[in-house]
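Trainee: I would like to learn how these labels are given. Could you take me through them one at a time?

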Amino acid sequence: MLAPPLLVSYSTVEDYLSALPEDLREQYEPEIRTLVERGLPPIVSSSCLAVLFGFSIKFVNAMRLQNYKYYREFVLRKGKKKRKIQAPKVSIKVIQKWFGYHLAEVLPVDDYVFGFVSGRSAVDAAQKHCNSNWVYSVDIKDFFSTTDEGVVKRALLEIGYSQKACDLIVPLCCYRKNLAQGSPASPVLSNLVMKPVDEQLFALSVEHGVTFTRYADDIVFSGSSVFPEVLKENVKNIFEETCWELSANKEYFSDATKGQRLKVHGLLVNGEKARLTKGYRNKLRAYKHLVNSGKVKYEDLRRLIGHIKYSESVEKNGE
(Lines give C-alpha, C1' and ligand atoms only; values in the text may rest on other atoms or scores of the structure.)
Protein backbone atom coordinates (compact mmCIF):
# COMPACT_ATOMS: atom_id res chain seq x y z
CA MET A 1 0.00 0.00 0.00
CA LEU A 2 1.52 3.31 -1.11
CA ALA A 3 1.52 6.20 1.34
CA PRO A 4 -0.57 9.30 0.54
CA PRO A 5 1.31 12.57 -0.06
CA LEU A 6 2.11 14.76 2.95
CA LEU A 7 -1.07 16.80 2.42
CA VAL A 8 -3.03 13.79 1.10
CA SER A 9 -5.38 15.20 -1.59
CA TYR A 10 -4.44 18.87 -1.14
CA SER A 11 -1.78 20.28 -3.47
CA THR A 12 -0.64 23.10 -1.16
CA VAL A 13 -0.89 23.98 2.51
CA GLU A 14 -3.04 26.98 1.51
CA ASP A 15 -5.54 24.62 -0.14
CA TYR A 16 -5.69 22.53 3.01
CA LEU A 17 -6.04 25.53 5.32
CA SER A 18 -8.83 26.98 3.16
CA ALA A 19 -10.75 23.70 3.52
CA LEU A 20 -10.75 24.00 7.31
CA PRO A 21 -13.59 25.79 9.14
CA GLU A 22 -12.56 29.32 10.10
CA ASP A 23 -12.24 28.59 13.83
CA LEU A 24 -9.93 25.63 13.19
CA ARG A 25 -7.87 27.60 10.70
CA GLU A 26 -7.33 30.44 13.16
CA GLN A 27 -6.44 28.05 15.97
CA TYR A 28 -4.13 25.65 14.13
CA GLU A 29 -2.66 27.48 11.11
CA PRO A 30 0.73 28.33 12.71
CA GLU A 31 1.14 24.76 13.99
CA ILE A 32 0.16 23.21 10.66
CA ARG A 33 2.52 25.46 8.70
CA THR A 34 5.41 24.69 11.04
CA LEU A 35 4.93 20.93 10.73
CA VAL A 36 4.59 21.05 6.94
CA GLU A 37 7.69 23.24 6.59
CA ARG A 38 9.63 20.60 8.54
CA GLY A 39 8.18 17.80 6.42
CA LEU A 40 6.33 16.32 9.39
CA PRO A 41 2.81 14.89 8.96
CA PRO A 42 0.49 17.77 9.98
CA ILE A 43 -1.52 16.06 12.71
CA VAL A 44 -2.86 18.68 15.13
CA SER A 45 -6.41 17.65 16.07
CA SER A 46 -9.13 15.12 15.28
CA SER A 47 -11.12 17.72 13.37
CA CYS A 48 -8.19 18.80 11.20
CA LEU A 49 -7.16 15.21 10.51
CA ALA A 50 -10.74 14.39 9.50
CA VAL A 51 -10.70 17.20 6.92
CA LEU A 52 -7.26 16.12 5.65
CA PHE A 53 -8.38 12.54 4.96
CA GLY A 54 -12.02 13.17 4.20
CA PHE A 55 -13.15 11.17 7.25
CA SER A 56 -15.86 12.15 9.69
CA ILE A 57 -14.74 13.54 13.06
CA LYS A 58 -16.77 10.79 14.72
CA PHE A 59 -14.83 8.14 12.82
CA VAL A 60 -11.43 9.63 13.70
CA ASN A 61 -12.40 9.84 17.36
CA ALA A 62 -13.63 6.25 17.30
CA MET A 63 -10.22 5.10 16.08
CA ARG A 64 -8.56 7.23 18.74
CA LEU A 65 -10.72 6.09 21.65
CA GLN A 66 -11.14 2.41 20.72
CA ASN A 67 -8.16 1.61 18.52
CA TYR A 68 -8.27 -2.11 19.38
CA LYS A 69 -11.47 -2.40 17.32
CA TYR A 70 -9.54 -1.52 14.18
CA TYR A 71 -7.10 -4.44 14.30
CA ARG A 72 -7.15 -8.12 13.52
CA GLU A 73 -5.04 -10.29 15.81
CA PHE A 74 -3.46 -13.57 14.74
CA VAL A 75 -0.40 -15.71 15.48
CA LEU A 76 2.43 -16.42 13.04
CA ARG A 77 4.27 -19.70 13.56
CA LYS A 78 7.82 -20.34 12.39
CA GLY A 79 8.97 -23.72 13.63
CA LYS A 80 8.53 -23.70 17.40
CA LYS A 81 8.41 -19.91 17.54
CA LYS A 82 5.16 -17.99 17.75
CA ARG A 83 4.69 -14.30 17.11
CA LYS A 84 1.46 -12.43 17.80
CA ILE A 85 0.56 -9.93 15.08
CA GLN A 86 -1.85 -7.01 15.36
CA ALA A 87 -2.78 -6.19 11.77
CA PRO A 88 -4.51 -2.81 11.37
CA LYS A 89 -7.61 -2.57 9.24
CA VAL A 90 -7.45 -0.43 6.11
CA SER A 91 -8.98 2.72 7.61
CA ILE A 92 -6.41 3.15 10.39
CA LYS A 93 -3.61 1.59 8.32
CA VAL A 94 -3.88 4.38 5.74
CA ILE A 95 -3.15 6.95 8.45
CA GLN A 96 -0.34 4.86 9.95
CA LYS A 97 1.30 4.32 6.55
CA TRP A 98 1.09 8.02 5.74
CA PHE A 99 2.44 9.05 9.13
CA GLY A 100 5.23 6.48 9.23
CA TYR A 101 6.40 7.11 5.66
CA HIS A 102 6.70 10.89 5.99
CA LEU A 103 8.20 10.71 9.46
CA ALA A 104 10.90 8.36 8.13
CA GLU A 105 11.61 10.78 5.28
CA VAL A 106 12.67 13.61 7.61
CA LEU A 107 14.06 11.99 10.75
CA PRO A 108 17.85 11.65 10.79
CA VAL A 109 19.14 8.14 11.52
CA ASP A 110 22.52 7.52 13.13
CA ASP A 111 25.13 5.47 11.28
CA TYR A 112 24.95 2.63 13.79
CA VAL A 113 21.20 2.02 13.29
CA PHE A 114 20.38 -0.43 10.47
CA GLY A 115 16.86 -1.76 11.10
CA PHE A 116 13.89 -0.19 9.29
CA VAL A 117 16.13 2.26 7.42
CA SER A 118 15.91 2.57 3.65
CA GLY A 119 19.11 1.43 1.96
CA ARG A 120 20.41 -0.43 5.03
CA SER A 121 20.12 -4.12 5.86
CA ALA A 122 21.07 -6.79 8.36
CA VAL A 123 23.87 -7.75 5.98
CA ASP A 124 25.24 -4.20 6.15
CA ALA A 125 25.07 -4.32 9.95
CA ALA A 126 26.91 -7.64 10.06
CA GLN A 127 29.62 -6.28 7.76
CA LYS A 128 30.48 -3.64 10.36
CA HIS A 129 31.66 -6.40 12.69
CA CYS A 130 34.02 -8.18 10.29
CA ASN A 131 37.67 -8.67 11.24
CA SER A 132 36.80 -8.65 14.95
CA ASN A 133 38.21 -10.92 17.63
CA TRP A 134 34.93 -11.20 19.53
CA VAL A 135 31.21 -10.49 19.23
CA TYR A 136 28.76 -9.76 22.03
CA SER A 137 25.04 -9.33 21.35
CA VAL A 138 21.77 -8.97 23.25
CA ASP A 139 18.15 -8.94 22.16
CA ILE A 140 15.27 -6.81 23.42
CA LYS A 141 12.42 -9.05 24.57
CA ASP A 142 9.09 -8.46 22.80
CA PHE A 143 10.35 -5.14 21.47
CA PHE A 144 7.21 -3.62 19.92
CA SER A 145 4.71 -4.92 22.47
CA THR A 146 6.77 -3.56 25.38
CA THR A 147 7.28 -0.12 23.84
CA ASP A 148 4.66 1.73 25.84
CA GLU A 149 2.70 4.76 24.69
CA GLY A 150 4.35 7.03 27.25
CA VAL A 151 7.74 6.54 25.59
CA VAL A 152 6.21 7.18 22.17
CA LYS A 153 4.51 10.36 23.37
CA ARG A 154 7.71 11.77 24.89
CA ALA A 155 9.61 11.11 21.67
CA LEU A 156 6.96 12.87 19.56
CA LEU A 157 6.94 15.87 21.89
CA GLU A 158 10.70 16.17 21.49
CA ILE A 159 10.52 16.41 17.69
CA GLY A 160 7.95 19.22 17.80
CA TYR A 161 4.44 17.82 18.14
CA SER A 162 2.09 19.47 20.65
CA GLN A 163 0.60 17.65 23.61
CA LYS A 164 -2.81 17.61 21.90
CA ALA A 165 -1.32 16.24 18.69
CA CYS A 166 0.47 13.49 20.63
CA ASP A 167 -2.77 12.55 22.37
CA LEU A 168 -4.16 11.84 18.90
CA ILE A 169 -1.11 10.34 17.17
CA VAL A 170 -0.29 7.82 19.91
CA PRO A 171 -3.61 5.93 19.96
CA LEU A 172 -3.78 6.05 16.16
CA CYS A 173 -0.35 4.39 15.91
CA CYS A 174 -0.47 2.10 18.94
CA TYR A 175 -2.50 -0.99 19.74
CA ARG A 176 -4.08 -0.49 23.14
CA LYS A 177 -1.09 0.90 25.09
CA ASN A 178 1.91 -0.27 23.02
CA LEU A 179 3.36 -0.25 19.52
CA ALA A 180 1.50 -2.66 17.27
CA GLN A 181 3.52 -5.51 15.76
CA GLY A 182 1.78 -5.08 12.39
CA SER A 183 1.44 -1.30 12.11
CA PRO A 184 3.38 0.36 9.25
CA ALA A 185 4.15 3.25 11.64
CA SER A 186 5.81 1.05 14.27
CA PRO A 187 9.22 0.62 12.57
CA VAL A 188 10.02 4.34 12.32
CA LEU A 189 8.53 5.01 15.76
CA SER A 190 10.65 2.25 17.27
CA ASN A 191 13.81 3.90 15.93
CA LEU A 192 12.61 7.27 17.21
CA VAL A 193 11.94 6.06 20.76
CA MET A 194 15.20 4.11 20.88
CA LYS A 195 17.33 7.14 20.03
CA PRO A 196 18.21 8.07 23.66
CA VAL A 197 19.19 4.44 24.37
CA ASP A 198 21.14 4.22 21.12
CA GLU A 199 23.11 7.30 22.12
CA GLN A 200 24.00 5.74 25.46
CA LEU A 201 25.03 2.46 23.82
CA PHE A 202 27.13 4.29 21.26
CA ALA A 203 28.82 6.32 24.01
CA LEU A 204 29.55 3.03 25.74
CA SER A 205 31.14 1.66 22.56
CA VAL A 206 33.32 4.77 22.25
CA GLU A 207 34.37 4.47 25.89
CA HIS A 208 35.51 0.88 25.36
CA GLY A 209 36.86 1.41 21.84
CA VAL A 210 34.54 -1.14 20.23
CA THR A 211 32.00 -1.27 17.38
CA PHE A 212 28.24 -0.99 18.02
CA THR A 213 25.22 -1.54 15.77
CA ARG A 214 21.49 -2.00 16.31
CA TYR A 215 19.20 -3.79 13.90
CA ALA A 216 15.63 -3.48 15.28
CA ASP A 217 15.79 -5.33 18.61
CA ASP A 218 19.26 -6.87 18.03
CA ILE A 219 22.14 -5.00 19.70
CA VAL A 220 25.67 -6.03 18.74
CA PHE A 221 29.13 -5.06 19.95
CA SER A 222 32.46 -6.29 18.61
CA GLY A 223 36.13 -5.49 18.98
CA SER A 224 39.65 -6.44 18.00
CA SER A 225 41.13 -5.99 21.49
CA VAL A 226 40.42 -8.01 24.65
CA PHE A 227 36.71 -8.18 25.49
CA PRO A 228 35.84 -5.70 28.29
CA GLU A 229 33.84 -7.88 30.71
CA VAL A 230 32.28 -4.79 32.29
CA LEU A 231 30.47 -4.15 28.98
CA LYS A 232 27.81 -6.73 29.83
CA GLU A 233 26.91 -5.01 33.09
CA ASN A 234 27.07 -1.58 31.45
CA VAL A 235 24.51 -2.60 28.81
CA LYS A 236 22.16 -4.15 31.37
CA ASN A 237 22.33 -1.01 33.51
CA ILE A 238 21.25 1.15 30.57
CA PHE A 239 18.15 -0.98 30.00
CA GLU A 240 17.18 -1.03 33.68
CA GLU A 241 16.11 2.60 33.26
CA THR A 242 13.82 1.86 30.29
CA CYS A 243 10.51 0.12 29.55
CA TRP A 244 12.41 -2.68 27.78
CA GLU A 245 13.87 -5.93 29.05
CA LEU A 246 16.74 -7.90 27.55
CA SER A 247 16.10 -11.55 26.63
CA ALA A 248 18.16 -13.67 29.02
CA ASN A 249 18.21 -16.64 26.62
CA LYS A 250 19.39 -14.60 23.61
CA GLU A 251 22.59 -13.19 25.05
CA TYR A 252 25.51 -14.24 22.83
CA PHE A 253 29.28 -14.07 23.13
CA SER A 254 31.91 -15.64 20.90
CA ASP A 255 35.68 -15.29 20.85
CA ALA A 256 37.62 -15.90 17.63
CA THR A 257 40.93 -16.07 19.52
CA LYS A 258 39.63 -19.31 21.02
CA GLY A 259 38.78 -20.74 17.62
CA GLN A 260 35.06 -19.90 17.85
CA ARG A 261 32.90 -18.73 14.96
CA LEU A 262 31.66 -15.15 15.12
CA LYS A 263 28.02 -14.73 14.03
CA VAL A 264 26.03 -11.54 13.58
CA HIS A 265 22.43 -11.70 12.32
CA GLY A 266 23.03 -15.29 11.25
CA LEU A 267 26.10 -14.45 9.18
CA LEU A 268 29.72 -15.34 9.83
CA VAL A 269 31.93 -12.28 10.34
CA ASN A 270 35.29 -14.01 10.79
CA GLY A 271 37.35 -12.37 8.07
CA GLU A 272 36.91 -9.50 5.62
CA LYS A 273 33.33 -10.13 4.51
CA ALA A 274 30.08 -11.28 6.10
CA ARG A 275 29.14 -14.67 4.67
CA LEU A 276 26.63 -17.48 4.94
CA THR A 277 27.21 -20.44 7.23
CA LYS A 278 28.00 -23.83 5.72
CA GLY A 279 24.71 -25.26 6.97
CA TYR A 280 22.72 -22.46 5.30
CA ARG A 281 24.64 -22.88 2.02
CA ASN A 282 23.76 -26.59 2.03
CA LYS A 283 20.09 -25.72 2.48
CA LEU A 284 20.30 -23.25 -0.38
CA ARG A 285 21.62 -25.87 -2.77
CA ALA A 286 18.60 -28.00 -1.92
CA TYR A 287 16.24 -25.04 -2.31
CA LYS A 288 17.68 -24.11 -5.71
CA HIS A 289 17.40 -27.71 -6.90
CA LEU A 290 13.76 -27.91 -5.84
CA VAL A 291 12.89 -24.57 -7.48
CA ASN A 292 14.74 -25.34 -10.73
CA SER A 293 13.19 -28.78 -10.97
CA GLY A 294 9.69 -27.47 -10.33
CA LYS A 295 9.22 -29.74 -7.32
CA VAL A 296 8.05 -27.02 -4.94
CA LYS A 297 4.50 -26.63 -3.70
CA TYR A 298 2.99 -23.29 -4.70
CA GLU A 299 2.57 -22.21 -1.07
CA ASP A 300 6.30 -22.82 -0.42
CA LEU A 301 7.68 -21.23 -3.60
CA ARG A 302 7.73 -17.64 -2.35
CA ARG A 303 9.57 -18.62 0.84
CA LEU A 304 12.27 -20.55 -1.01
CA ILE A 305 12.78 -17.80 -3.57
CA GLY A 306 13.12 -15.37 -0.66
CA HIS A 307 15.96 -17.47 0.76
CA ILE A 308 17.69 -17.57 -2.63
CA LYS A 309 17.45 -13.81 -3.13
CA TYR A 310 18.73 -13.21 0.39
CA SER A 311 21.76 -15.41 -0.30
CA GLU A 312 22.44 -13.43 -3.47
CA SER A 313 22.34 -10.16 -1.52
CA VAL A 314 24.88 -11.57 0.94
CA GLU A 315 27.17 -12.66 -1.91
CA LYS A 316 26.98 -9.18 -3.48
CA ASN A 317 27.78 -7.48 -0.19
CA GLY A 318 31.03 -5.54 -0.36
CA GLU A 319 31.39 -5.79 -4.16
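Mentor: Gladly! Let us begin with Val-8, which lies in the segment before α1. Helices (H or I, at least four residues) and strands (E, at least two) are DSSP runs, numbered from the N terminus. The model is predicted, so local features need pLDDT of at least 70 and side-chain atom pairs count only at pLDDT 80 or more, while totals for chains, interfaces and linings use all residues. Residues are numbered from 1 along each chain as its sequence is written, and side-chain values use heavy atoms, with hydrogens and water left out.

Trainee: Why is Val-8 called buried?

Mentor: Buried means under 20% relative accessible area, exposed means over 50%, and partly exposed covers what lies in between (1.4 Å probe, protein chains only). Val-8 has a relative accessible area of 18%, so the label is buried.

Trainee: What is the phi of Val-8?

Mentor: Near 55°, a positive value in a residue other than glycine. Most residues other than glycine have a negative phi. Phe-116 also has a positive phi, of about 60°, and is not a glycine either. Phe-116 lies in the loop between α5 and α6, and at 41% relative accessible area it is partly exposed.

Trainee: How do you know that helix α3 is mostly covered?

Mentor: Of the 8 residues in α3 (residues 46-53), 6 are buried. They are Ser-46, Cys-48, Leu-49, Ala-50, Leu-52 and Phe-53. These residues pack against several helices, including α1 (13-19), α2 (22-37) and α8 (163-173). Gly-54 follows α3 and has a positive phi near 75°.

Trainee: What makes two rings an aromatic pair?

Mentor: Rings of Phe, Tyr and Trp (its six-membered ring) pair if their centres lie within 6.5 Å; planes under 30 degrees apart count as stacked, over 60 as edge-to-face and the rest as tilted. By this rule there are 17 aromatic pairs. In one of them, Tyr-112 and Phe-202 are 4.7 Å centre to centre with 20° between the planes, and the pair is stacked. It links distant parts of the chain, as Tyr-112 is in the loop between α5 and α6 (122-127) and Phe-202 in helix α9 (residues 186-208), 90 residues apart. Tyr-112 has 10% relative accessibility and so counts as buried, whereas Phe-202, at 37%, counts as partly exposed.

Trainee: Why is the pair of Tyr-280 and Tyr-310 given the name it has?

Mentor: The ring centres of Tyr-280 and Tyr-310 are 6.1 Å apart and their planes are at 85°, so this pair is edge-to-face. Tyr-280 lies in helix α11 (residues 278-292) and Tyr-310 in helix α12 (residues 298-316), so the pair ties together parts 30 residues apart in sequence. With 19% relative accessible area, Tyr-280 is buried; Tyr-310, with 27%, is partly exposed.

Trainee: Which residues do ring pairs link into a cluster?

Mentor: Phe-53, Phe-55, Phe-59, Tyr-70 and Trp-98. Trp-98 is also among the buried residues of α5.

Trainee: What makes a charge sit over a ring?

Mentor: NZ of Lys or CZ of Arg must be within 6 Å of the ring centre and within 35 degrees of the ring normal. Arg-176 lies over the face of Tyr-68 at 4.6 Å from the ring centre. The charged end of Lys-232 sits over the ring of Phe-253, 5.5 Å from its centre.

Trainee: Which residues does Asp-198 touch?

Mentor: Contact means heavy atoms within 4.5 Å. Leaving out residues up to four places away in sequence, Asp-198 touches Tyr-112, Val-113, Phe-212 and Arg-214. Asp-198 is in helix α9, and its 2% relative accessibility makes it buried.

Trainee: How many disulfides does the structure hold?

Mentor: A disulfide is a pair of cysteine sulfur atoms within 2.5 Å, and the structure holds 0. The sulfur of Cys-173 has its closest cysteine sulfur in Cys-174, 6.8 Å away, which is too far for a bond. For Cys-243, the nearest cysteine sulfur is that of Cys-174, 11 Å away, and Cys-243 is in no disulfide. Cys-173, at 3% relative accessibility, counts as buried, while Cys-243, with a relative accessible area of 27%, is partly exposed.
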